[in-house]
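Okay, thanks for coming, everyone. Let me put the model up, and then I'll walk you through the contact between the chains and a few spots around it.

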Amino acid sequence: MFRKMSWVLAASLVVIAVTIYQRQEVEIARLQRDKARIEVQDNDLQTAAAASRGPVRYTGPTAELPPPLVQPRPPVDRLPDGDDDRSVDVERSSTARWEAEARASQVAVEDGFAAEVVDPAWAPGVAGDLRARLGAIVVPPSSSLGDVECRRSICRVEMVARDHESMKRFMDKAFGVGGGAAWTGSMMAEYQPPDRDGATLVVLYLGRDGTAFPRPAS
Amino acid sequence: MAVAIAAAGGSVALARTNPGLAGQPYLPSDYQCFNNGAGAVQNSCANTVKTYCMALPVETSSHNVQVSALSPNVTHAIGCEATATDRNSQVTWHSGLRGTPAFNAFSVIDLGTVSVPSFGALFVCCNMPDTTLLLTVSW
């Protein structure tokens with residue numbers, strides 16, 4: 001009796017184990033099918049995303065579109081031969097124009113002074129006053145005052161600085177920010193290249209109060 | 001910054017305008033004295049004269065520098081000057097110190113035409129007694 005019950009129990013266990021195994025097989029197969037379906041959907045999504053990154057095309061009537069405000073510049077690797085050279089030329093040309101304009105302004109003042117006749121009621125007194133004021137600023141021997149000459153509306157002053165520091169100190173005191181001690185009118189300075197000893201000649205043109213420096217003829 | 005085009009003598013010059021607040025005190029310790037209002041700056045430190053400067057970027061030589069300002073009265077009168085330097089910071093052109101042509105009203109200080117050497121720099125500085133206003137700088 002006991003042996004018979006044991007056989008029945010063992011057979012039942014075997015049947016249960018087989019059933020569990022079969023259910024697991026079915027579940028594994030279902031999961032594999034799901035995985036395959038998800039992979040297919042993922043591929044479709046990636047293909048669609050790649051397609052959407054392409055250029056957006058306007059499909060309406062192009063004749064009604066206004067022209068772009070700024071013409072797009074071609075990529076650098078598509079510039080035609082010589083274009084880089086042209087941009088360098090434009091840069092050089094604008095620098096040359098700037099230098100020419102600045103030089104023309106200097107020449108206008110130089111020529112204006114040269115063309116002036118002396119105003120005896122103004123020039124001698126102002127020249128003496130300038131010599132005294134600038135003489136109080138220079139510090140011999142590092143800087144010294146040269147000719148001081150006034151005519152009708154412009155004075156011309158020569159100053160020699162032995163080094164850069166003394167020249168800077170002189171210019172700051174005479175014409176520095178906040179109103180220098182030497183002159184309240186306009187001023188133009190021309191710096192000659194340093195000589196063998198490093199001394200620099202500075203030529204100053206000082207405009208009479210209430211007058212403007214001559215401008216280049218247009 | 002406003003950009004206008006003016007043609008003079010056959011050449012075309014660009015004129016630019018900066019609001020007052022685009023500048024800075026000549027001495028950094030004076031920042032506390034300047035108040036901003038609608039782009040204008042005012043010296044608010046009583047019984048002082050503070051110097052306020054503004055760099056004016058340039059790409060050409062000739063510039064007519066004009067400062068729009070307000071001086072309340074003759075004892076509180078703003079005075080400005082424009083200075084050009086070469087690329088070594090050596091002063092090459094100076095407008096001279098000029099004040100507002102009127103008091104207690106917005107007015108323009110015309111500093112005349114300043115010539116900047118190539119690759120040089122341009123800046124304007126104003127001596128501002130308390131209560132004076134610097135509104136804009138054009139060049």
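Strands themselves (E, at least two residues) and helices (H or I, at least four) are DSSP runs, numbered from the N terminus. With that, strand 7 of chain B, residues 62-70, pairs antiparallel with strand 13 of chain B, residues 133-138, over 5 bridges. One of the residue pairs to look for there is B:Leu70, opposite B:Leu133. Strand 7 of chain B also pairs with strand 11 of chain B, again antiparallel, over 8 bridges. In strand 11 of chain B, B:Thr113 stands opposite B:Asn64.

Some housekeeping. This is a predicted model, where local features need pLDDT of at least 70 and side-chain atom pairs count only at pLDDT 80 or more, while totals for chains, interfaces and linings use all residues. Residues are numbered from 1 along each chain as its sequence is written, chains are lettered from A and ligands numbered from 1 in the order in which they are written, and side-chain values use heavy atoms, leaving out hydrogens and water.

Now the interface. Taking contact as heavy atoms within 4.5 Å, chain B puts in 29 residues and chain A 26. The buried area, meaning the accessible area (1.4 Å probe) that two parts lose on being put together, summed over both, is about 2100 Å², with 59% from carbon and sulfur atoms. Three residues, B:Gln90, B:Trp93 and B:His94, supply 26% of what chain B buries against chain A, more than any other three.

What about polar contacts, that is, N or O atoms within 3.5 Å, where within protein one must be able to donate a hydrogen and the other to accept it, and sequence neighbours count only if both atoms are side-chain atoms? Between chain B and chain A, there are 13 residue pairs, both residues at pLDDT 80 or more. On the chain B side, strand 9 gives the largest share, 4 residues. Strand 9 of chain B also runs antiparallel to strand 3 of chain A, residues 187-191, joined by 2 bridges. In that pairing, A:Met188 has B:Trp93 as its bridge partner.

Is B:Ser95 buried or exposed? It's buried, at 2% relative accessible area; the cut-offs are under 20% for buried, over 50% for exposed, partly exposed in between (1.4 Å probe, protein chains only). Leaving aside neighbours within four places in sequence, B:Ser95 contacts both chains: A:Gly185 and A:Ser186, plus B:Glu81, B:Ala82, B:Leu111 and B:Val114. A polar atom of the B:Ser95 side chain sits 2.8 Å from the backbone nitrogen of B:Ala82.

Last topic, salt bridges: a side-chain nitrogen of Lys or Arg within 4 Å of a carboxyl oxygen of Asp or Glu. The interface of chain B and chain A has 0, though the whole structure has 7. One of them joins A:Asp119 to A:Arg208, at 3.2 Å. A:Asp119 is in the loop between helix 2 and helix 3 of chain A, and A:Arg208 is in the segment after strand 4, so the pair ties together parts 89 residues apart in sequence. Another, A:Arg133 with A:Asp129, comes in at 3.3 Å. Those two are 4 residues apart in helix 3 of chain A, so about one helical turn separates them.

Definitions and conventions: Two strands pair if DSSP finds at least two bridges between them.
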